[in-house]
Amino acid sequence: MSVRRRYLALPVLTVLFAAVGCSSSDVDVPSPQGEAVRYCRALHKVLPKTVDGLKRGSAEPVSDFTAVWGDPAVRLRCGVPKPDVLTYGSEHYNPKADAAVVDGVQWLFEKRDDGYRFTTVLRKAYVEVTVPGAYAPEVDVLTDLGGAVKKSVPEGV
């Protein structure tokens, strides 16, 4: 390889690595309504710097309603709509939905192709956490998030 080719390869590799790094922290920003906006902003202020040993990063775009940790990213979105699986008939809770209590917070869990999506239930705002399969058991991140959720998003529906 000539000297000229080495210099040309560096910018290409830099752009490639930057693109890969950015894609892991892209998060769709939800649009919470009413009091959920206040709860989500309060949650954002008390979120931990690490979850399951993963350092907090910067979500893109920047928002008070999202957060990320690690790479691949654990993604949190606050103020998401009520999950479809929680609707049974008209507006009643679906007794067949899979949920568990972790550190005093009840979470709906949904298996995905690569990991799990967890969503709080019986809270004034829905908080969704998507955990890649690389962090199995995926539920472990919830132990670090439960305190922040309990502190900022009141129980109720």
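Student: Where is the place of Asp144?

Tutor: Asp144 lies in helix H3, residues 140-152. Helices (H or I, at least four residues) and strands (E, at least two) are DSSP runs, numbered from the N terminus. The model is predicted, so local features need pLDDT of at least 70 and side-chain atom pairs count only at pLDDT 80 or more, while totals for chains, interfaces and linings use all residues. Residues are numbered from 1 along each chain as its sequence is written, and side-chain values use heavy atoms, with hydrogens and water left out.

Student: Why is Asp144 called partly exposed?

Tutor: Its relative accessible area is 35%. Buried means under 20%, exposed over 50%, and partly exposed in between (1.4 Å probe, protein chains only). Asp144 is therefore partly exposed.

Student: What makes Cys40 and Cys78 a disulfide?

Tutor: The S to S distance of Cys40 and Cys78 is 2.1 Å, and a disulfide is a pair of cysteine sulfur atoms within 2.5 Å. Cys40 belongs to helix H2 (residues 35-46) and Cys78 to strand E4 (residues 74-78); the pair, 38 residues apart, links distant parts of the chain. Both Cys40 and Cys78 are buried. The structure holds 1 disulfide.

Student: Why is the disulfide of Cys40 and Cys78 called left-handed?

Tutor: The torsion about its S-S bond is about -75 degrees, so the disulfide of Cys40 and Cys78 is left-handed.

Student: How many helices and strands are in the chain?

Tutor: The chain has 3 helices and 10 strands. Of its 157 residues, 39% are buried.
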